[in-house]
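The following note sets out points for discussion on the structure shown here.

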Amino acid sequence: MKAVVLSRAALQFLIALAAAAAAVLCTGVPSADAATSVSAVAQALRQSPVYVDPAASGQLSAADAAALAKRIKEADKPLFVAVLPAGYPTRNLFTDLRTATGVTGAYAVRLGDRFDARADSAVLSRTAVRNLVTSVQGENAKTQLHDFTDRALPTLRGTAPASWGGAGRDGGVPGTALITLGAVLVLGGAGAYALVHRGRKRKEAEQRAALDRLRTVVDEDITAFGEELDRLDFHPAEPGADDAMRADYERALDAYEQAKQSMARAGRPEDVRAVTQRLEDGRFSLAQLAARRERRPLPERRPPCFFDPRHGPSVADADWAPPGGAPRQVPVCAADATRLADGRDPAVREVDTDYGRRPYWDAGPAYGPWAGGYFGGGVLPGLLVGTLLGQMMAAPAYAADYGAGYGDFGGQDGGFGGYDGGDVSGADFDPGDFGGFGDGGFGGGGFGGGSGGDFGGS
């Protein structure tokens with residue numbers, strides 16, 4: 001076989017290509033002379049999900065680091081893990097590391113015998129991060145990092161950054177082998193893109209199915225509110241109407257139109273929350289209008305009736321317990337308050353499920369956005385404790401499928417700057433996600449008590 005003759009320029013190009021291939025295909029274990037600056041750690045994390053500082057190599061072996069990196073890559077999630085020595089500077093560590101890496105994701109750091117983590121809210125809520133970190137405190141490095149990874153991966157939103165590439169082996173042979181390697185890299189990059197694209201398509205299909213299920217219920221709500229407006233015996237020019245009444249009426253009409261427009265634009269399940277928020281606002285405006293016309297005191301702002309938000313704003317709290325659950329107080333309309341006082345069942349909003357008609361709180365996780373719009377501001381968690389929907393929404397994985405922030409079960413709505421997990425967002429992120437939680441410590445172990453991104457727990 002005739003030997004391949006390459007020019008100096010071609011050799012230099014192929015050698016550079018081979019070096020890049022080695023970086024992409026590495027397992028995440030740094031070389032012995034790796035620098036320990038934040039920039040160096042970030043550069044390594046852009047190439048692979050796990051970085052072990054040479055001075056901390058006793059914490060996690062090369063084989064364990066490789067296995068951990070392989071686990072994260074196979075899960076296709078934006079989780080970054082760094083193992084650093086005990087003396088590593090901690091001030092602004094997470095914020096600086098996130099800025100230097102420039103990738104939306106979750107960042108976990110083992111520093112000496114301490115462990116902590118932070119994440120963009122688009123990927124994982126602050127509550128979920130806190131709970132996950134607390135669950136692994138006190139474990140040795142290998143167990144801690146593997147336990148945290150196993151528990152975090154199912155809850156993370158988004159996909160792995162494209163810069164990680166795929167697993168492989170570096171041949172390191174010049175000439176024909178390098179050309180082959182370059183071709184493999186190109187094909188591998190195309191394959192990685194196809195996998196990411198397929199995963200996102202699957203996610204989009206699941207969200208569309210959840211939205212379609214919600215659409216029927218929300219359309220019923222919009223129609224019911226429109227019928228209330230049609231039945232309303234009020235005209236802005238009627239005798240006795242004043243500016244306050246006209247303003248109430250106009251707000252109700254605006255809420256109706258905005259709800260229809262928001263539902264028409266909805267592309268994800270979490271978009272439904274804005275629709276039910278507007279319907280709740282509109283019904284409160286009608287309640288104010290009715291009070292002004294009847295010369296009654298204006299009603300206080302209360303959540304809608306728990307049993308069916310179409311009943312309008314609640315007038316009182318009543319004791320109620322779901323089947324097999326603990327009693328709690330729920331906001332009720334006047335009619336349901338009377339039914340409960342008489343020992344009768346309330347008029348419950350039921351929706352279609354695969355098992356027939358069920359109360360909305362036992363109909364599955366897709367109804368979280370719908371309920372969250374009606375019962376936001378911290379009210380919803382206490383109402384749904386012990387119900388199927390409450391159990392699902394309290395799980396960290398809920399936000400990955402149905403969006404965060406419904407009734408304060410999850411983190412902030414959506415992400416910051418519109419980036420998803422794994423996207424290259426540079427410094428465009430909310431620094432609050434990577435600062436201290438302000439809890440002053442958990443169980444004496446403590447994490448999140450620092451400020452400005454200080455390293456927390458011990």
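1. In this predicted model, Lys 70 and Glu 74 form a salt bridge in which the closest N and O atoms are 2.4 Å apart. Both residues belong to helix 3 (residues 62-75), and because they are 4 residues apart there, about one helical turn separates them. Lys 70 is partly exposed, its relative accessible area being 49%, while Glu 74 counts as exposed at 55% relative accessibility.

2. A salt bridge also links Asp 120 to Arg 98, with 2.8 Å between the closest N and O atoms. Asp 120 is in the loop between strand 4 (114-119) and helix 5 (126-135), whereas Arg 98 is in helix 4 (residues 93-101); the pair therefore ties together parts that are 22 residues apart in sequence. Asp 120 and Arg 98 are both buried.

3. Asp 362 pairs with Arg 358 in a further salt bridge, where the closest N and O atoms are 3.8 Å apart. Asp 362 counts as partly exposed at 23% relative accessibility, and Arg 358 counts as partly exposed at 36%. The structure holds 26 salt bridges.

4. Which residues have the most contacts inside the largest nonpolar core? They are Leu 84 and Phe 148, in a core of 46 residues. Strand 2 (residues 79-84) gives the most to this core, contributing 6 residues. Leaving aside residues up to four places away in sequence, Phe 148 touches Leu 79, Ala 108, Phe 115, Ala 117, Leu 132, Val 133 and Val 136. A second, separate core has 37 residues, among them Val 217, Phe 225, Met 263 and Leu 380.

5. Is Gln 288 buried or exposed? With a relative accessible area of 14%, Gln 288 is buried, since the cut-off for that class is under 20%. Apart from residues up to four places away in sequence, Gln 288 touches Asp 248, Arg 251, Leu 298 and Pro 299.

6. For the overall fold, the protein has 14 helices and 8 strands. Of its 458 residues, 45% are buried. Among contacts between residues at least 6 apart in sequence, 66% join residues at least 24 apart. The accessible surface comes to about 21100 Å², and carbon and sulfur atoms account for 53% of this area.

Definitions and conventions
Residues numbered from 1 in each chain as written. Predicted model: local features only at pLDDT ≥ 70, side-chain atom pairs only at ≥ 80, totals over all residues. Heavy atoms only, no water. Helix = DSSP H or I, 4+ residues; strand = E, 2+ residues; numbered from the N terminus. Buried < 20%, exposed > 50% of the residue type's maximum accessible area, 1.4 Å probe, protein only. Contact = heavy atoms within 4.5 Å. Areas by Shrake-Rupley, 256 points an atom, 1.4 Å probe, with all protein chains shown as cover. Core = buried A, V, L, I, M, F, W, Y, C linked by side-chain atoms within 4.5 Å. Salt bridge = Lys/Arg side-chain N within 4 Å of Asp/Glu carboxyl O.
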